[in-house]
Amino acid sequence: MTKNEKYLYRCLHLARRGAGYVAPNPMVGAVLVYNDSIIGEGFHQLYGQPHAEVNCIDSVAAENKHLIEKSILYVSLEPCAHFGKTPPCADLIIKYKIPNVIIGCRDIFAAINGKGIEKLKGAGVNVTVGILENESLELNKRFFTFHKKQRPYIILKWAQSNNKKISGKGGERIFISNEFTNRLVHQWRSEEAAIMVGTTTALKDNPALTARLYPGKNPVRLVIDMDLKLPFTLQLFDGTVKTIVFNQQKNEPGEMLSFYKLNREEKTIPQILNILYTLQTQSVIIEGGAKLLQSFIDDNLWDEARVITNVELKIPEGVNAPVFENKKLIKEETILTNKISYFINNQT
């Protein structure tokens with residue numbers, strides 16, 4: 001590992017701490033190094049608050065402030081060059097006369113997309129781009145997918161028996177995941193902007209769709225209820241978390257409960273994704289049921305799938321798990337009786 005890679009890995013590690021809190025902004029980490037010693041570091045902690053570069057520079061001890069203009073700034077993503085919720089980070093770097101900046105990857109967001117790099121170079125800063133580029137792109141895959149494809153990053157998730165059933169006969173709910181895997185699922189929820197289920201899952205399982213088993217942020221709850229038949233006694237409508245209902249009856253945006261009307265003549269999933277794009281929703285985890293999951297698969301509108309298999313459970317009769325092609329297995333892990341398989345869509 002090179003010296004530059006070592007400090008960029010530290011940037012990526014810091015950046016991940018913003019997962020679930022900074023969207024629709026990207027996760028970013030920054031490290032300031034003088035004479036091979038870190039004198040400051042920071043990450044983007046919360047949307048609307050200071051960026052990684054600001055927090056990094058602010059963290060430098062008073063006795064080391066004079067070293068900033070002799071240091072190297074490592075940052076996982078190109079510094080911004082525009083006024084948004086905060087001032088441009090490129091201007092801050094120039095103000096502090098940081099002579100060298102090493103960047104993980106370029107930012108494709110239209111307001112930046114090379115402008116930060118150009119501004120730094122124009123001010124005489126020595127800029128290097130592309131150290132750990134693949135890792136930097138992977139970190140912000142939600143952000144990049146959202147801007148490239150103009151839709152959220154889509155994660156499919158389901159739990160199945162060893163004979164690939166996701167529920168019992170007639171949709172009877174059967175607990176497939178164990179308590180440790182359930183906590184992991186709640187961590188996954190906290191890392192995404194939204195979580196979605198279909199009408200049948202909402203009615204039969206009455207899920208809360210929160211991250212209550214993990215100390216993180218709750219995702220926005222999304223449910224499809226075309227004819228508005230779901231009773232308001234369901235946990236989805238308890239008013240504790242923002243909830244959106246996609247339907248064919250009415251449009252009624254609200255603070256905690258919103259309704260968005262879909263066109264009967266058009267395909268459902270693309271319409272929903274268009275609405276979520278306008279709402280700046282960068283990622284969605286789809287948790288069921290089988291019909292909804294299969295719809296995303298059939299439309300080839302998914303980026304990642306996480307499948308939990310209880311290797312010791314067989315369900316004689318029940319609802320079949322979704323079937324999908326175009327998948328590439330990238331990782332597997334085992335938690336007691338649960339095997340978790342992670343796939344990516346190799347055609348998107």
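**Backbone geometry in the loops**

Modeller: Gly289 is placed in the loop that runs between strand 12 (283–286) and helix 10 (290–298); helices (H or I, at least four residues) and strands (E, at least two) are DSSP runs, numbered from the N terminus. The model is predicted, so local features require pLDDT of at least 70 and side-chain atom pairs pLDDT 80 or more, while totals for chains, interfaces and linings use all residues. Residues are numbered from 1 along each chain as its sequence is written, and side-chain values use heavy atoms, without hydrogens or water.

The bond joining Gly288 to Gly289 is cis, with omega near 5°. As background, most peptide bonds are trans, and most residues other than glycine have a negative phi.

Turning to phi, Gln280 has a positive value near 65° although it is not glycine. This residue sits in the loop between helix 9 (268–278) and strand 12. Gln280 has a relative accessible area of 41% and is therefore partly exposed, the class between buried (under 20%) and exposed (over 50%), with a 1.4 Å probe and protein chains only.

Asn300, also not glycine, has a positive phi near 55°. Its loop connects helix 10 with strand 13 (304–310). With 25% relative accessibility, Asn300 likewise counts as partly exposed.
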